[in-house]
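Please look over the sequence and the structure before reading on.

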Amino acid sequence: MTQPVSPAQRHQQDGPAATPAKTPARQPARLGLRPDVRNLSLLGVLAVLVAVGGFTKPEQFLDSSNLQLVLTQASVIGVVTVGMTFVITSGGIDLSVGAIVALASVWATTLATQEYGFAGILFTAVVVGLACGLVNGLLIAYGGMVPFIATLAMLASARGLALQITDGKTQIVTVDSVLDLGVPDSYVLGIPPLVLVFAVVTVVGWLLLNRTTFGRRTVAVGGNAEAARLAGIDVRRQRLYLYLLSGLCCGIAAFLLVVLSGSGQNTNGNLYELDAIAAAIIGGTLLSGGRGTIVGSVLGVLVFTTITNIFALNNLQSDVQQIAKGAIIVAAVLVQRRTARDGAT
């Protein structure tokens, strides 16, 4: 005869069976390794490019001045890419970053602005970037416009205004304190000041995305905006802040570009939007939103900048360079899709 089982005994018997399997507990750790693997892959690509540059043009490519040039050129588009990473992580897009850089650079280098010296140029570049980001954010977050359309309109408007300000002419910077930042005498331990600014922006961006509530809200909005709203996140305000952040990065990049080129032109920032989006994507930021990585984006910038430098040193045509960039972007998207498919299984 079978003995009756008490509820307490049944709870003890059912307890182990009701415990979740170890596989779900292992899942986050496995997924958490993927960004590291992706970054290691980008480091591998970067190492191969350095080897190619050292093999084809050893004396020129490996020269310290050339490596400093690569890092300096990466700094300008790198700052823009940090802001773009936040926008894409939230599920948005910003096609106007290159035009905002152009507008901020020419507005900051007018004769009236240069009369206020270093502070006037820096202040104007940052304020113009923030103003453009504010307009984008208001149109998208509170105006209900699709990010693609709103930022495309800003692209056209900012380019047109930059052309109107310059009248198609180059505006030469005459403020010595600004120009001095680009000369070797201002380098800190052999590192150009522009690279130091880029490093600071990168660190702040990484902390903001990975260690703050703002970063968690950005990821939540990109993953599922409706779920984020139900969880108490003000989605519209968050999107406004993100486009303000993107505009701020464009303003900083515009100032760096003024230091680098010593001038303001309406053609500045040409195709920056494509380079920033491409760098973020190959770095591991999902174009659909919900995941972003600052470190990966920076590595993506370094990869593209190194490719450009190698092609320039070897006198290769720019169209071949664009084909190479396109192939890298396609490969990165395919890897993202495979990673997402594996994570779903």
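H8 passes H14 in a right-handed crossing. The model is predicted.

**H8 and H14**
- Helix H8 covers residues 117-142, and helix H14 covers residues 235-261.
- Their axes come within 7 Å and cross at roughly 150 degrees.
- Angles over 145 degrees count as roughly antiparallel, and H8 and H14 are therefore roughly antiparallel to each other.
- The contact of H8 with H14 involves 17 nonpolar, six polar and three charged residues.

**H11 and H16**
- Helix H11 spans residues 193-210, and helix H16 spans residues 294-313.
- The axes of H11 and H16 cross at roughly 150 degrees and come within 9 Å.
- H11 and H16 are therefore roughly antiparallel to each other.
- H11 contributes Phe198, Thr202, Gly205, Trp206 and Leu209 to the contact.
- H16 contributes Ile294, Val295 and Val298.
- Six residues of the contact of H11 with H16 are nonpolar, two are polar and none is charged.

**Whole chain**
- The protein chain has 17 helices and two strands.
- Of its 345 residues, 44% are buried.
- Among contacts with a separation of 6 or more, 78% join residues 24 or more positions apart.
- The protein chain exposes about 17500 Å².

Definitions and conventions:
Residues are numbered from 1 along each chain as its sequence is written. This is a predicted model: local features need pLDDT of at least 70, side-chain atom pairs count only at pLDDT 80 or more; totals for chains, interfaces and linings use all residues. Side-chain values use heavy atoms; hydrogens and water are left out. Axes are lines fitted to C-alpha atoms, for helices over the stretch in contact, and angles run from 0 to 180 degrees between N-to-C directions. Helices (H or I, at least four residues) and strands (E, at least two) are DSSP runs, numbered from the N terminus. Angles under 35 degrees count as roughly parallel, over 145 as roughly antiparallel, 65 to 115 as roughly perpendicular and the rest as oblique. A crossing is left-handed if the near helix is turned anticlockwise from the far one by less than a right angle, and right-handed if clockwise. Ala, Val, Leu, Ile, Met, Phe, Trp, Tyr, Cys and Pro count as nonpolar, Asp, Glu, Lys and Arg as charged, and the others, Gly among them, as polar. Buried means under 20% relative accessible area, exposed over 50%, partly exposed in between (1.4 Å probe, protein chains only). Contact means heavy atoms within 4.5 Å. Accessible areas come from the Shrake-Rupley method with a 1.4 Å probe; for residues, only the protein chains shown count as cover.
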